[in-house]
Amino acid sequence: MNRERIISPSILAADFNILGEQIQEVKRSGAKYLHIDVMDGMFVPSISFGMPVISSIRKQTDLFFDVHLMIMEPIRYVEEFARIGADMVTFHLEAARGLVDETIERIHKAGCRAGISIKPATPAEELLPWLEKVEMILIMTVEPGFGGQKYIPFSTEKIRQTRQLLTAHGLDTDIEVDGGITADNIGVVTEAGANVIVAGSSVFGGNIAENVRRLLGQHQ
Ligand code: DX5
Ligand code: ZN
């Protein structure tokens, strides 16, 4: 099946001195999403940025805010992320303990699309109970926590399995991949069934517009 390829540049790799300008460049490049990594220093070792940064950039752009929560007990902050402008709130299955259904419900109630994410060590089958309840599945293709890592090769099989699980349930849900995606391996992940592609270093390293166009397959 031919799905539209959506690029979601991860601002974790941006130059925060000129974040606003770089977001404008992302918009001009043809990318539709902006990937926003929130890390709490508990679920992952790093702390990234939080509400003040997101509400500030929200004033300046209408890009789709694809918020990736790498935080423990994400349910605590769902309404706040919705209020400051998240369009999609994606949380980690591993961080939501026994509250996965409730977390999804709260995200929907707050008016956002819901995404659920799994780390490299979590099998795709663990997503089964929630396949029909979310708008997107995020397969981490590196260990979450840092940008600039290398794509983990066994992720390709996991993307394929996830796409098969969805198809077997009659679903055409978006599959997002995150970590180590470049112009060299984007074809592999899209062929396996991913259609929303997070890219940090491969967008913000160098010319943003050119990099996005290359990822979109618009020029070599
Ligand atoms: C990692 C983050 C990613 C990261 C991707 O925990 O979730 O979004 O920014 O960066 P690259 O594309 O450089 O691997
Ligand atoms: Zn991310």
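Trainee: Why is Ile186 called buried?

Mentor: In this predicted model, Ile186 has a relative accessible area of 4%. Buried means under 20%, so Ile186 is buried.

Trainee: Where is Ile186 placed, and what does Ile186 touch?

Mentor: Ile186 is in helix H6, residues 186–192. Leaving out residues up to four places away in sequence, Ile186 touches Arg5, Ile7, Ile181, Ile197 and Leu215. Take Ile197: Ile186 and Ile197 lie 11 residues apart along the chain, and their C-alpha atoms are separated by 7.9 Å.

Trainee: How do you know whether Ser10 is buried or exposed?

Mentor: Use the cut-off again. Ser10 has 5% relative accessibility, and buried means under 20%, so Ser10 counts as buried. Ser10 sits in the loop between strand E1 (6–9) and helix H1. Among the residues that Ser10 touches, not counting those up to four places away in sequence, are His35, Asp37 and Phe204.

Trainee: What makes Arg97 exposed?

Mentor: The relative accessible area of Arg97 is 54%. Exposed means over 50%, so Arg97 is exposed. Arg97 belongs to the loop between strand E4 (88–92) and helix H4 (100–109). Its phi is near 40 degrees, a positive value in a residue other than glycine.

Trainee: What about Glu73: why is Glu73 called partly exposed?

Mentor: Glu73 has 32% relative accessibility. Glu73 is in the loop between strand E3 and helix H3. Glu73 is not a glycine, yet has a positive phi of about 45 degrees.

Trainee: Now for H4. Which residues of H4 are buried?

Mentor: They are Val100, Thr103, Ile104 and Ile107. They cover an arc of only 95 degrees around the axis, so they are on the same side of H4. An α-helix has 3.6 residues a turn, so residues three or four places apart point the same way.

Trainee: What is exposed on the other side of H4, and what covers the buried residues?

Mentor: Glu105 and Lys109 are exposed on the other side of H4. The cover over the buried residues includes H3, E4 and strand E5 (113–118). Just after H4 comes Gly111, with a positive phi of about 90 degrees.

Trainee: Which residues of H2 are buried, and how do you know which side they are on?

Mentor: In helix H2 (residues 51–58), the residues Met51, Ile54 and Ile57 are buried. They cover an arc of only 140 degrees around the axis, which puts them on the same side of H2. Their cover includes H1, strand E2 (33–39), strand E3 (64–70) and helix H3 (78–83).

Trainee: How do H1 and H8 meet?

Mentor: The axes of H1 (residues 19–29) and H8 (residues 208–215) come within 9 Å and cross at roughly 40 degrees. The crossing is right-handed. H1 contributes Gln22, Glu25, Val26 and Ser29 to the contact, and H8 contributes Ile208, Ala209, Val212 and Arg213. These residues divide into four nonpolar, two polar and two charged.

Trainee: Which residues touch the most other members of the largest nonpolar core?

Mentor: The core has 60 residues, and Ile11, Ile36, Phe81, Ile116, Ile159 and Val189 touch the most other members. Ile11, leaving out residues up to four places away in sequence, has contacts that include Phe16, Leu19, Ile36 and Ile57.

Methods:
Residues are numbered from 1 along each chain as its sequence is written. Chains are lettered from A and ligands numbered from 1 in the order in which they are written. This is a predicted model: local features need pLDDT of at least 70, side-chain atom pairs count only at pLDDT 80 or more; totals for chains, interfaces and linings use all residues. Side-chain values use heavy atoms; hydrogens and water are left out. Axes are lines fitted to C-alpha atoms, for helices over the stretch in contact, and angles run from 0 to 180 degrees between N-to-C directions. Helices (H or I, at least four residues) and strands (E, at least two) are DSSP runs, numbered from the N terminus. A crossing is left-handed if the near helix is turned anticlockwise from the far one by less than a right angle, and right-handed if clockwise. Contact means heavy atoms within 4.5 Å. Ala, Val, Leu, Ile, Met, Phe, Trp, Tyr, Cys and Pro count as nonpolar, Asp, Glu, Lys and Arg as charged, and the others, Gly among them, as polar. Buried means under 20% relative accessible area, exposed over 50%, partly exposed in between (1.4 Å probe, protein chains only). The arc is that of the directions from the helix axis to the C-beta atoms. A nonpolar core is a set of buried Ala, Val, Leu, Ile, Met, Phe, Trp, Tyr and Cys residues joined through side-chain atoms within 4.5 Å.
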